[in-house]
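This briefing takes up helix packing, a sheet and a few individual residues. Please keep the sequence and the model side by side while reading.

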Amino acid sequence: MTGAEIAGVGKVVTEAGKAALSEDAGTKAQLARIAENSPEMQAAAKAYAKRVEIRQTIVLRLMQPLGRLAGFSSDYFENQFSDELAEKLTEVPEEAIQPPKPNVAVPAMQALGYSLDEPELKGMYLNLLARASDSRSSAVAHPGIAEVIKQLSGNEARLLAQILAARLTPAIRIKTAISGSSGFQIAHSCIIQLTNLGTGQQATNLDLPGWLDNWSRLGLIEKDFSNHFTDTARYAWRDENPLVLQLREKGLSVQFDNGIVKTTDFGVMFEKAVATDKVAEQASELARMVRQARKAAQSSSNDGETENPPAEPEP
């Protein structure tokens with residue numbers, strides 16, 4: 001959206017409140033009603049729809065040859081793909097839209113076809129295709145990125161996006177005393193702080209160590225315990241970590257090594273290639289909701305019309 005359109009959207013978002021951006025269906029319906037009655041949102045939705053329409057035509061022209069090359073014939077690629085990729089390109093100037101390189105696009109499209117029920121992975125593939133189709137950002141659309149996404153689960157993809165964007169994340173290595181010895185053994189090799197968004201309390205995820213190893217294996221992060229933040233407050237959470245509390249409840253003596261999880265240069269490239277622009281995404285979602293509300297209202301109005309309306313009375 002343009003600056004003026006975003007300003008209009010911002011007004012509507014303010015009226016709806018912070019909760020209006022949640023996934024709750026009732027909240028979205030409320031926001032749709034507010035947006036439907038907003039002149040700013042109606043104008044923004046009209047302009048947005050026009051940009052989507054133009055980019056749908058461009059996407060079809062650019063992607064159909066690649067689709068034939070890869071042999072795509074599913075309902076998704078025939079009916080939804082061009083719409084969803086066009087929406088990713090709404091903020092890209094027409095002159096910057098280009099055919100993506102086949103060695104990037106074809107593997108991404110093939111893998112996308114197997115990830116339609118994994119929203120996080122699907123979004124990553126679409127974002128990669130959008131970056132590859134934008135001459136301003138195509139340099140970050142590395143051919144190896146689609147292969148990396150294929151080796152992620154939907155659950156880990158959500159956390160990975162946060163870790164990569166942070167660039168440096170405090171990490172701890174937990175050690176416990178060896179009985180009858182002055183030495184210590186590693187109990188947990190690398191732990192980062194996780195928070196339960198519902199309670200605000202620290203949480204654990206038994207899959208986290210494997211995810212961190214996977215991201216390291218893929219070259220996205222480095223686990224480093226030879227360096228750490230000098231601000232010890234960055235590690236204040238460690239004594240309340242559930243894993244530490246469990247060990248101490250067993251009467252074990254616990255020690256820590258402070259460290260960092262660092263995003264690698266390839267990890268930075270990956271994040272730029274697949275990250276979602278949250279502000280643009282929310283603005284686009286609002287615009288889509290207005291269009292849907294208008295279509296629904298128009299459909300309802302048409303359903304109420306009689307097939308043969310009564311004739312006008314003669315004067």
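Buried means under 20% relative accessible area, exposed over 50%, and partly exposed in between, with a 1.4 Å probe and protein chains only. By that scale Asn155, at 48% relative accessibility, counts as partly exposed, whereas Ser133 is buried, with a relative accessible area of 1%. This is a predicted model, in which local features need pLDDT of at least 70 and side-chain atom pairs count only at pLDDT 80 or more, while totals for chains, interfaces and linings use all residues. Residues are numbered from 1 along each chain as its sequence is written, and side-chain values use heavy atoms, with hydrogens and water left out.

**Packing of H9 and H10**

- Helices (H or I, at least four residues) and strands (E, at least two) are DSSP runs numbered from the N terminus.
- Helix H9 (residues 154-166) packs with helix H10 (residues 208-217) at an angle of about 65°, and their axes are 11 Å apart; axes are lines fitted to C-alpha atoms, for helices over the stretch in contact, and angles run from 0 to 180 degrees between N-to-C directions.
- The crossing of H9 and H10 is right-handed, a term that applies if the near helix is turned clockwise from the far one by less than a right angle, the anticlockwise case being left-handed.
- Contact means heavy atoms within 4.5 Å, and on this basis Asn155, Glu156, Leu159, Leu160 and Ile163 in H9 meet Leu208, Trp211, Asn214 and Trp215 in H10.
- By class, the contact of H9 with H10 has 6 nonpolar, 2 polar and 1 charged residues, where Ala, Val, Leu, Ile, Met, Phe, Trp, Tyr, Cys and Pro count as nonpolar, Asp, Glu, Lys and Arg as charged, and the others, Gly among them, as polar.
- Asn155 lies in helix H9, and its C-alpha atom is separated by 9.8 Å from that of Trp211, 56 residues apart along the chain.
- The side chains of Asn155 and Arg158 are joined by a polar contact of 2.4 Å, that is, a pair of N or O atoms within 3.5 Å, of which, within protein, one must be able to donate a hydrogen and the other to accept it, and residues adjacent in sequence count only if both atoms are side-chain atoms.

**The sheet**

- An open sheet of 4 strands has the order S2-S1-S6-S5, with antiparallel pairing; two strands pair if DSSP finds at least two bridges between them.
- Its edge strands, each pairing on one side only, are strand S2 (184-191) and strand S5 (221-224), and the twist averages 25° from one strand to the next.
- Strand S1 (residues 168-177) pairs with S6 over 9 bridges in the antiparallel sense, and Ile174 stands opposite Phe256 in S6.
- S5 pairs with strand S6 (residues 254-263) over 4 bridges, also in the antiparallel sense; the bridge partners in S6 are Thr263 for Ile221 and Lys262 for Glu222.
- H10 lies across S2 and S5, running at about 120° to S5.

**Asp257 in S6**

- Asp257 is found in strand S6, and its side chain makes a polar contact of 3.3 Å with the side chain of Lys175.
- Residues touched by Asp257, not counting those up to four places away in sequence, are Ala171, Ile172, Arg173, Lys175 and Phe225.

**Buried positions**

- The buried residues of helix H12 (residues 265-274) are Gly267, Val268, Phe270, Glu271, Ala273 and Val274, and their cover includes helix H7 (119-132), helix H8 (145-149), H9 and S6.
- Ser133 is found in the loop between H7 and H8 and, leaving aside neighbours within four places in sequence, is in contact with Met63, Leu89, Ala96, Ile97, Gln98 and Pro100.
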